[in-house]
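Me: I have a structure open and want to go through its contacts. Can you take my questions one by one?
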Amino acid sequence: MSDGPGVPGGADPSGGRLERAVDVLVVGGGPAGLAAAARLAVAGAGRVEVLERDRAAGGVPRHCGRGGFGGFTGPVFARRAVRAAVRAGAAVRTGAGATGWAGPLTVEVTAPTGPERITARAVVLATGARERPRSARLVPGTRPAGVLSTGELQQSVELFGLRGGRIGRRAVVVGSDPVARHAARTLRGAGVTVVATVADRPYGPRLGGGPVLRGATVVELVGRGRLSGVVVRGADGRTGLLRCDTLVFTGDWLPDHELARSGGVPLDPGTRGPSVDPGLRTSVPGVFAAGNLLRGVEPAVVAAAEGRTVADAVHAHLAGAPWPGPGVPLRAEGALRHLSPGRLPVGPAAGPAPTVLLRPAERLPAPLLTVRQGDRLLYECRVPALLEPHRSLRHPAHWAVDADPTGGAVTLRLAAEDGTVPV
Amino acid sequence: MSVTRRGVPPDTPAPGGAYDVVVVGAGVVGCAIARELARHPLRVALVEASGDIGEGSSKANTAILHTGFDAVPGTLESRMVREGGRLLAAYAEETGIPVERVGALLVAWDEEQLAALPRLADKARRNGYHRTRPLSAAELYAREPCLGPGALGALEVPDEAIVCPWTTPLAYATQAVRSGVDLHLDCPVEEVRPGGAAEPHRLVTRRGVLRTRFLVNACGLYADAFDALLGRKDFTVTPRRGQLVVFDKFARELVRHILLPVPGALGKGVLIAPTVYGNVMLGPTAEDLTDKAATGSTAEGLAALRAQGRRILPGLLDEEVTAVYAGLRAATGAEDYRVAAHPELRYVTVGGIRSTGLTASLALGRHTVELLAGAGLELGPERPLAPVRMPNLGEAFPRPYRDAGLIARDPAYGTIVCHCERVTLGEIRDALASTVPPASLDGLRRRTRARAGRCQGFSCGAAVRSLFEEGVR
């Protein structure tokens with residue numbers, strides 16, 4: 001059950017819980033976790049262990065058959081990431097799930113070899129994100145079979161080989177982001193007709209396969225046993241029934257923050273991922289967080305880059321560097337949906353300008369970005385680009401040195417060209 | 001003993017004979033009746049229109065094990081809930097059905113409701129329940145620190161409990177089948193040809209004809225329609241829809257008791273209750289409908305629930321929603337059940353079991369068997385039922401994924417498949433091989449919790465489906 005070097009020990013024959021110690025425990029074997037583990041192992045961080053709960057490591061790219069993963073398809077990207085971590089000397093364990101905490105840096109684990117308690121000098125949380133399911137979207141109607149997320153759809157097709165009628169015959173895709181296009185492509189590749197894509201935003205990237213209903217929403221699911229249709233309200237306010245037996249809810253990503261939260265790791269109110277500084281340190285000494293756990297979804301290459309970033313901070317921590325203070329919190333305002341990291345060291349201690357990822361809530365042509373601390377304007381700039389809600393803007397926070405470490409929260413605000421905030 | 005899902009159901013276990021009793025409807029009440037009958041040397045069949053037991057209102061309720069403190073005193077319902085509650089609590093302990101006696105608080109939000117509390121305490125006494133206790137506002141907030149502002153006081157009912165509504169009918173059905181009852185699923189009854197004095201009734205089902213000497217109607221929402229097949233028109237079932245919202249497990253720490261509304265002039269209000277799976281439930285709505293299949297949720301219903309939930313427990317709405325569902329109570333216009341024996345027809349109707357059926361089920365089982373005996377069924381000697389021990393779905397009790405000894409003996413219990421709910425390969429395998437196996441992914445969910453968590457299958461859906469369709473290798 002292990003892709004990496006052998007796991008020492010096994011279930012205690014007395015039936016007890018195995019207690020083990022490692023130097024770095026990485027929870028989650030996706031792009032961020034694997035990149036962190038590879039870099040740490042290369043740097044000689046001692047025993048670096050990755051826990052992947054699924055049967056194979058690699059994370060979401062494993063079941064994204066398309067390209068666009070740093071020049072590779074998802075599965076190839078995933079395999080290369082696993083290989084890099086293993087070759088570097090990290091232990092990549094699969095089928096091993098972290099289920100809770102037994103101490104500040106002690107994680108409870110369930111594996112086929114038995115339950116364990118693993119204590120680490122540093123814990124990196126890289127548990128990824130998930131799509132908000134139908135129930136949490138509060139879409140009314142019946143609860144028929146045939147309603148799924150992109151994650152389930154892609155696993156069904158890429159990992160379990162389901163085709164055609166095993167999935168459905170006529171599908172409707174819900175979503176405005178590129179992931180909606182990927183879901184439609186997966187469906188068509190599996191021989192399922194895509195009846196329509198229902199995109200709540202009136203604009204957005206090209207969405208494929210069948211008509212795209214922009215500015216429309218699914219207002220009711222119909223069908224007993226199996227889905228038989230969805231009631232859609234169009235941009236003009238009129239409703240109609242789309243007959244389909246399959247409905248895929250895409251996007252609307254949520255950080256999978258269960259382990260972070262159950263360990264008392266404070267969350268960022270904007271992203272609902274752990275609150276971190278530019279070194280991706282959480283507020284709990286020794287606990288780090290990286291990848292899409294931080295804020296819903298960014299591309300796999302961004303998550304992997306964060307894995308490398310967190311590795312450097314972990315390495316410094318293992319070498320005895322003091323745990324930095326919290327820094328000042330960053331708050332998103334106006335048409336800025338959220339940002340990460342959500343805390344920065346500022347003033348003389350700021351160091352080189354950290355990059356902040358800004359995620360707009362709306363399409364914004366050349367918006368105005370203002371940064372304030374209290375009444376003080378730290379920075380103002382017209383962003384010379386069209387921002388889209390499915391992409392983040394990388395913002396180098398050169399203004400951090402000018403902020404007051406005791407001055408409280410720094411507010412970042414995006415506003416449309418004319419200064420108003422679109423609704 | 002057998003479970004059939006297709007083909008002509010065996011007309012009778014003995015050629016030339018007939019069943020002694022056929023119970024129609026395998027909801028929680030029908031399953032309890034079949035189990036009670038299985039104590040006796042009788043040939044019994046439990047016949048169900050859908051593909052699984054507990055598929056109707058039994059799977060979509062508030063999952064509360066009531067004391068019966070607020071029943072209408074003197075009714076059959078009052079007695080059945082009181083007796084059934086005690087019986088089910090003991091049965092749950094014996095068979096491993098998760099129950100948590102968290103207690104209930106009837107929270108008063110205005111003077112009128114506060115004034116109603118002593119009357120409710122008095123009503124509880126008339127229902128044979130003597131352990132209610134008034135709580136001041138300060139005591140209430142000490143008990144429930146996350147309660148919204150403005151509550152004036154409460155009445156505590158310490159013995160109200162939460163129970164697993166999925167395991168309960170499954171335990172009854174499992175025990176009934178293991179004790180000799182035939183369970184015929186996907187077997188809707190389309191016509192009844194009543195027998196004469198010496199002739200058995202003939203039940204024309206979609207799968208063939210069943211013959212039986214005695215007949216029990218446990219058809220829930222369709223009890224009136226089944227009565228009509230025997231020419232009886234004693235009541236009409238009006239489905240009363242209850243929509244419910246289940247919140248993420250992170251909401252569990254917000255609430256310690258079942259928070260009940262005080263019934264008043266402004267309607268019944270909604271409750272907030274923990275679930276044995278570690279979630280928090282908000283609901284139900286109460287909408288009188290005509291369509292017995294209208295188990296959908298509505299935008300208006302969900303908005304109303306959220307508005308009420310926000311007032312009772314403001315932090316609740318900050319958490320994600322895990323599930324939304326709607327169930328239909330079998331209301332009949334009477335403030336009581338509609339249970340009647342028709343000796344001339346060798347027929348018992350167990351109808352109008354609105355909202356308290358889960359709690360009352362075991363008492364209704366006993367009561368129905370007494371009515372059958374009164375109608376002429378010779379029960380014969382009583383024998384012990386086959387023992388059952390159900391897999392634990394409760395968060396407050398040991399689960400396999402943490403059991404070192406179990407995993408050492410069988411690594412399948414250390415292989416988590418559904419990560420949100422920590423359901424292991426071993427538990428899924430066991431459910432698929434169980435006495436009454438699931439017929440659908442929803443059935444598997446109700447037996448294991450697989451896919452019942454916050455991700456709703458994003459992570460594990462394809463894997464669980466593969467295990468269900470291909471089997472556990």
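Reply: One term first: buried means under 20% relative accessible area, exposed means over 50%, and partly exposed is in between (1.4 Å probe, protein chains only). At 46% relative accessibility, B:R310 therefore counts as partly exposed. This is a predicted model, where local features need pLDDT of at least 70, side-chain atom pairs count only at pLDDT 80 or more, and totals for chains, interfaces and linings use all residues. Residues are numbered from 1 along each chain as its sequence is written, chains are lettered from A and ligands numbered from 1 in the order in which they are written, and side-chain values use heavy atoms, with hydrogens and water left out.

Me: Where is B:R310 found?
Reply: In helix α7 of chain B, residues 299-312. Helices (H or I, at least four residues) and strands (E, at least two) are DSSP runs, numbered from the N terminus.

Me: Switching to the chain pair. How many residues of chain A are in contact with chain B?
Reply: 44 residues of chain A are in contact with 45 residues of chain B, contact meaning heavy atoms within 4.5 Å. The area buried there is about 3800 Å², and carbon and sulfur atoms give 51% of it. Buried area is the accessible area (1.4 Å probe) that two parts lose on being put together, summed over both.

Me: And how many salt bridges across that interface?
Reply: The rule finds 8. A salt bridge is a side-chain nitrogen of Lys or Arg within 4 Å of a carboxyl oxygen of Asp or Glu. One example joins A:R132 and B:E320, at 2.7 Å from N to O.

Me: Which element of chain A gives the most to the side that touches chain B?
Reply: α3(A), with 4 residues. Elements that each supply at least two residues include β6 (114-125) and α3 (150-159) of chain A.

Me: OK, domains. What does the assignment give for chain A?
Reply: Domain 1 (18-130 + 253-318), domain 2 (133-249) and domain 3 (328-415). The bounds come from an automatic or database domain assignment. The centres of domain 1 and domain 3 of chain A, taken over C-alpha atoms, are separated by 27 Å.

Me: How many residues are in contact between domain 1 and domain 3 of chain A?
Reply: 16 residues of domain 1 with 13 residues of domain 3. Between them the two domains of chain A bury about 1100 Å², 52% of it on carbon and sulfur atoms. The rule finds 1 salt bridge across this interface. A:R359 and A:E298 also form a salt bridge through their side chains, at 3.2 Å from N to O.

Me: How many salt bridges over all chains?
Reply: The count comes to 60. One of them pairs A:E116 with A:R93 at 2.7 Å, N to O. A:E116 lies in strand β6 and A:R93 in strand β3 (residues 91-94) of chain A, so the pair ties together parts that are 23 residues apart in sequence.

Me: Are A:E116 and A:R93 buried or exposed?
Reply: Both are buried.

Me: What about B:R206, which partner does it have?
Reply: B:E190, with the closest N and O atoms 3.4 Å apart. B:R206 lies in the loop between β12 (201-205) and β13 (208-217) of chain B and B:E190 in strand β11 (residues 189-193), so this pair links parts that are 16 residues apart in sequence. B:R206 counts as exposed because its relative accessibility is 61%, whereas B:E190, at 46%, counts as partly exposed.
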